[in-house]
Amino acid sequence: MKKILVTGAFGQIGSELVPALKEKFGQDNVIAVGNRNIPEGFKGLVEKLRMPDRDGLESLIKKHNIGTIYHLVSLLSATGEEKPGFTWDLNMQSLKDVLDLSVENKIKVFWPSSIAAFGPTTPRVETPQRTILEPTTMYGVTKVAGELLCQYYFNKFNLDVRSVRYPGIISYKTPPGGGTTDYAVAIFYEALKTGKYECFVKEDTVLPMMYMDDAVKGTIDLMEADPDKLTIRTSYNLAAISFTVTQLAEAINKKVKVEVTYKPDNRQAIADSWPKSIDDSTAREDWDWQHDYDLDRMVTVMLTELKKKFEGEN
Ligand code: AKB
């Protein structure tokens, strides 16, 4: 079989998508591409590449006979505001390189968009699939531009490129880095380590979230879906759970005591510009998307797995 290449393979999503792809398609069929954060002793096919690097990517495509790319490299919303120019350059140039090389080499592409594509003028409750996209962050601007670029390449070059708008992803294997939704992960670490968490958004902040296993399942299912059934070539809305920080803290407190205080910073404005909940009925209709984890199940698995992780570290 032609092989699968994953960029950003050692980030939050890549660290869990790569093992899932290996499990499904075979250890030797997945090439993990990373830069600074390649773990020592990583088992499997790995390549080092600092993106954007069109020539470097092209030689990996040829060397490994690549048939599918999951292009996950991206700066996120909070870090993106510290380096907006670099965020545009990295997010957009690396996507354009992937799309161009994929047209030339007949490669199927997955590229993640995000709820960051939405902005303060978007309806915030049950945000529709097709709606106003006027984000206020550079990360969000790259997501809107990227969605349109993907759709353009599909229409113009018949490139099979597929995408979802991820909500905040909650996971325990690798901490997220540089996102606005990071509080929903950090609270678990602090609950177990110190029993206290100072949250950088207000207690009534609500954002759409999803447990990692659902995100990985949704990603692979979309890539496996019958192309004739796909009606969206920008990016599919994808939803699972929405909760306030208070509701999250209450769910954690049923199992582990955590005292939460609030000190909102510049990420509050970003959170306030994003939806509270998402209408993902198009994904549910087109390719049978469904999530498995509700708030309580997600909290239970996060606490159990993080406890094991911390015990292993001691
Ligand atoms: C972020 O907070 O920037 C990301 C996202 C929602 O895309 N987690």
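Which residues make up domain 1 and domain 2 of the chain?

1. Domain 1 takes in 3-168 + 210-237, and domain 2 takes in 169-209 + 242-277 + 294-313; the bounds come from an automatic or database domain assignment. Keep in mind that this is a predicted model, where local features need pLDDT of at least 70 and side-chain atom pairs count only at pLDDT 80 or more, while totals for chains, interfaces and linings use all residues. Numbering runs from 1 along each chain as its sequence is written, and side-chain values use heavy atoms, with hydrogens and water left out.

2. Taken over C-alpha atoms, the centres of the two domains sit 24 Å apart. Their contact (heavy atoms within 4.5 Å) draws on 29 residues from domain 1 and 28 residues from domain 2.

3. Between them the domains bury about 2,400 Å², with 59% of it on carbon and sulfur atoms; buried area is the accessible area (1.4 Å probe) that two parts lose on being put together, summed over both. On the domain 1 side, Gln12, Arg124 and Tyr211 lose the most area to domain 2, together 31% of what that side buries.

4. Now the charged pairs. The interface has 1 salt bridge by the rule, namely a side-chain nitrogen of Lys or Arg within 4 Å of a carboxyl oxygen of Asp or Glu. Lys173 also forms a salt bridge with Glu16, where the closest N and O atoms are 3.9 Å apart.

5. Helices (H or I, at least four residues) here are DSSP runs, numbered from the N terminus. Of the elements on the domain 1 side that touches domain 2, α3 gives the most, with 4 residues.

Key:
Helices (H or I, at least four residues) and strands (E, at least two) are DSSP runs, numbered from the N terminus.
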